[in-house]
Every structure is written in structure tokens, then in C-alpha cells.
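Please report on the fold shown below. Take the strand pairing, the aromatic rings and a few individual residues in turn.

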Amino acid sequence: MKMIIIFAALIAAVLAAPVDESNVAQVLRYENDNVGLEGFKYGFETSDGITRDEQGELENVGTEDEAIQVRGQFSYPGPDGVLYTVTYTAGKQGFVPSGDHIPTK
């Protein structure tokens, strides 16, 4: 029982600790356009160097082959200071990423 009380006190202390706001990323850009049944488009950028842009379109509407095709890109700064960028497609062929740091066959 004593162990549970100590654990609960520890959790309470952690939750009550102040948050260092200087390490919290701020949203610099947020776009969310054209969201509907036949597609979408969105993107964002944060103050810590992360970006993402993606759009999807419904192809072969009304057929047996109806599917969404997605294209996008995201970037993030690595711990080594390099900005890594991944471009990708996703659809019937699955998720297909590409980037200078991604190994190829």
C-alpha cells in the first residue's frame, strides 16, 4: 500500500511540473482545403522545421476500380542537423516513399 502512495505522489509531481514553452513547436502554417468525397488537400509547417503537404483524389469514380490516389511530401530536421525530405504516393500500389536517405533495392 505504501508503494502505491509513493507512486501516486510521484505521478502527481510529474503532472504538476511546469512546461518549458520554449521547446513547444508553434504552428506557422495550416491549410485544409477541398476536403470532400472526391478528394482532399492539406498542409502545415511548424516552428521546429517540420512540414507536410498532401493531396488525394478519387480516381475511377463510380467504377469497380474506384480508389483514392494520394501524393505528398514531408520534411523534418534530423538530430544530425540535416533536413530530411520524403515524397510519396499511396494508392493501389501501396505506400511508395522516396528520399535521398531512403535505401533502394
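## The β5-β6 hairpin

T89 stands opposite V96 in β6. Strands β5 (residues 83-91) and β6 (residues 94-98) pair in the antiparallel sense, over five bridges. Two residues make up the hairpin link from β5 to β6. Two strands are taken as paired if DSSP finds at least two bridges between them. Strands (E, at least two residues) and helices (H or I, at least four) are DSSP runs, numbered from the N terminus.

The model is predicted: local features need pLDDT of at least 70, side-chain atom pairs count only at pLDDT 80 or more, and totals for chains, interfaces and linings use all residues. Residues are numbered from 1 along each chain as its sequence is written, and side-chain values use heavy atoms, with hydrogens and water left out.

## Overall make-up

From the N terminus, the elements run α-β-β-β-β-β-β. Of the 105 residues in the chain, 13% are buried. Buried means under 20% relative accessible area, exposed means over 50%, and partly exposed lies in between (1.4 Å probe, protein chains only).

The accessible surface of the chain is about 8,200 Å², and carbon and sulfur atoms hold 60% of that area. Areas come from the Shrake-Rupley method with a 1.4 Å probe; for residues, only the protein chains shown count as cover. Among contacts with a separation of 6 or more, 13% join residues 24 or more positions apart. Contact means heavy atoms within 4.5 Å.

## The sheet

Six strands form an open sheet, in the order β1-β2-β3-β4-β5-β6, with antiparallel pairing. The edges are β1 (27-36) and β6, each of which pairs on one side only. From one strand to the next, the twist averages 10°. The axes behind that angle are lines fitted to C-alpha atoms, for helices over the stretch in contact; angles run from 0 to 180 degrees between N-to-C directions. Strands of a sheet pair through backbone hydrogen bonds, either parallel or antiparallel.

Strand β2 (residues 39-46) runs antiparallel to β3, with seven bridges. G43 faces D53 of β3 across this pairing. The β2-β3 hairpin has four residues between its strands, and G49 there takes a positive phi near 95°. Nine bridges tie β3 to β4, again antiparallel. Here T51 is opposite S75 of β4. Strand β4 (residues 67-77) is joined to β5 by eight antiparallel bridges. P77 has L83 of β5 as its bridge partner.

## Aromatic cluster

How many aromatic pairs are there? The count is five. Rings of Phe, Tyr and Trp (its six-membered ring) pair if their centres lie within 6.5 Å; planes under 30 degrees apart are stacked, over 60 edge-to-face, and the rest tilted. Y88 and F95 form a tilted pair, at 5.4 Å centre to centre and 40° between the planes. Ring pairs link F74, Y76, Y84, Y88 and F95 into a cluster.

Is Y88 buried or exposed? Y88 is buried, at 6% relative accessible area.

## E54 in β3

E54 lies in strand β3 (residues 51-59). E54 counts as buried, with 13% relative accessibility. Its side chain makes a polar contact of 2.8 Å with the side chain of R52. A polar contact is a pair of N or O atoms within 3.5 Å; within protein, one must be able to donate a hydrogen and the other to accept it, and residues adjacent in sequence count only if both atoms are side-chain atoms.

Beyond its neighbours within four places in sequence, E54 touches F40, K41, Y42, V70, R71, G72 and Y88.

N60 sits in the loop between β3 and β4. N60 has a positive phi of about 55°, although it is not a glycine. Most residues other than glycine have a negative phi. N60 is partly exposed, at 44% relative accessible area.

N34 belongs to strand β1. N34 is exposed, with a relative accessible area of 64%. Leaving aside neighbours within four places in sequence, N34 is in contact with G39, F40 and K41. N34 and G56 are 22 residues apart along the chain, and their C-alpha atoms are separated by 9.9 Å.
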